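Please keep the sequence and the structure at hand while reading.

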Amino acid sequence: MTVANAAAGAAWFRVFKARPAARLRLICFPHAGGAASAFHELAGHLPDTVEVAAVQYPGRQDRFAEPVPDTLDELAAELAGAVAATLDRPTAFFGHSMGATVAFEVARKLRASHPGAPVRLFASARKAPHVDTRRALTFADDEAVMDYIRALGGAGARLLDEPELRELVLPVLRADFRLIAGHAHTPGAPLACPVTVVIGDEDASCTPADAREWARHTVAGQDTHALPGGHFYLETAARQLADFLVARLDADVPGAAPAAASHAPAGGGR
């Protein structure tokens, strides 16, 4: 980000490795209970032509003391303002699980004032916005939340096995699930950017049929790509995901993420 826009993004974005000469920025939106650090490894696998700005929602890690917004629409509105202040180069969105819904709503809020942003929305492991998942994400108690997270797997499920970490993680999960459960999709004009849905080939929560439902939310085309793994495939297939993103982004912004570019080592973004 430019110096002028750095302050605007300081609260909301974490850039693991600044790449001032990058041709394109990839803004990554984490899952429920997740934080910007979820995209640490992915950032390290991407070439120097792409700068990753990972969203840090309130209520976790270095924003632990800040309250989670009351509604997902409020969260998206605040994020849209932060994103708008940093659009100094072509920008794509990648949202995982809950983050896909947040990214979609941010893109909708930017549509009138910034019709060129994002250049592409990557919706990962999440059903289309019009599919009502509110009942499935309403939980009676903490045990029900933990059962749901364990069924999805991933690093977050392992944190629940540590009592001290569980006390930190559960309130964030409950707050995020309240955001999703309280969010009803409002029909509107489709996005002007293409939508690529990325799924894990073992993820029953978002199947190829589910992915195709995203087509109604864009006039620029929708495609689906499966990677090996479950709901949290990006934890085990980060390099494969990076290679796929590079290929798609280079097609959107030629030269922005050339496939022939030398990728940084896995720890390069840390």
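At what angle do the axes of helix H3 and helix H4 cross? The axes of H3 (residues 72-84) and H4 (residues 98-110) cross at roughly 60° and come within 8 Å. That makes H3 oblique to H4, where angles under 35 degrees count as roughly parallel, over 145 as roughly antiparallel, 65 to 115 as roughly perpendicular and the rest as oblique.

This is a predicted model, in which local features need pLDDT of at least 70 and side-chain atom pairs count only at pLDDT 80 or more, while totals for chains, interfaces and linings use all residues. Residues are numbered from 1 along each chain as its sequence is written, and side-chain values use heavy atoms, with hydrogens and water left out. Helices (H or I, at least four residues) and strands (E, at least two) are DSSP runs numbered from the N terminus; axes are lines fitted to C-alpha atoms, for helices over the stretch in contact, and angles run from 0 to 180 degrees between N-to-C directions.

**The sheet**

Seven strands form an open sheet with mixed pairing, in the order E1-E3-E2-E4-E5-E6-E7. E1 and strand E7 (222-227) stand at the edges with a single partner strand each, so one side of each is left without a neighbour in the sheet.

| Strands | Sense | Bridges | Bridge partners |
|---|---|---|---|
| E1 (residues 13-14) and E3 | antiparallel | two bridges | Phe13 and Val55 |
| E6 (residues 195-200) and E7 | parallel | six bridges | Val198 and His225 |

In strand E3 (residues 50-55), six of the six residues are buried (under 20% relative accessible area, with exposed over 50% and partly exposed in between, for a 1.4 Å probe and protein chains only), so E3 is largely enclosed by the rest of the structure. Val50, Val52 and Ala54 point one way from E3, whereas Glu51, Ala53 and Val55 point the other way, and all are buried.

**Helices on the sheet**

H4 lies across E2, strand E4 (91-96) and strand E5 (121-124), and runs at about 145° to E4. Helix H9 (residues 238-252) also packs on the sheet, where it touches E2, E4, E5, E6 and E7, and its direction makes about 160° with that of E7.

**Helix against helix**

H3 passes H4 in a right-handed crossing, a crossing being left-handed if the near helix is turned anticlockwise from the far one by less than a right angle and right-handed if clockwise. Contact means heavy atoms within 4.5 Å, and the residues of H3 that make it include Leu72, Leu75, Leu79 and Val83, while Thr101, Val102 and Val106 are among those of H4. The residues of this contact divide into eleven nonpolar, one polar and three charged, with Ala, Val, Leu, Ile, Met, Phe, Trp, Tyr, Cys and Pro counted as nonpolar, Asp, Glu, Lys and Arg as charged, and the others, Gly among them, as polar.

Thr101 lies in H4 and is buried, with a relative accessible area of 6%. Leaving aside its neighbours within four places in sequence, Thr101 is in contact with Leu72, Arg126 and His183.

The axes of helix H5 (residues 142-152) and helix H7 (residues 163-181) come within 11 Å and cross at roughly 90°; H5 and H7 are therefore roughly perpendicular to each other. Asp142, Val145, Met146, Tyr148 and Ile149 of H5 meet Arg166, Leu170, Leu173, Arg174 and Phe177 of H7, and the residues of this contact divide into seven nonpolar, no polar and three charged.

Technical notes:
Pairing = 2+ DSSP bridges.
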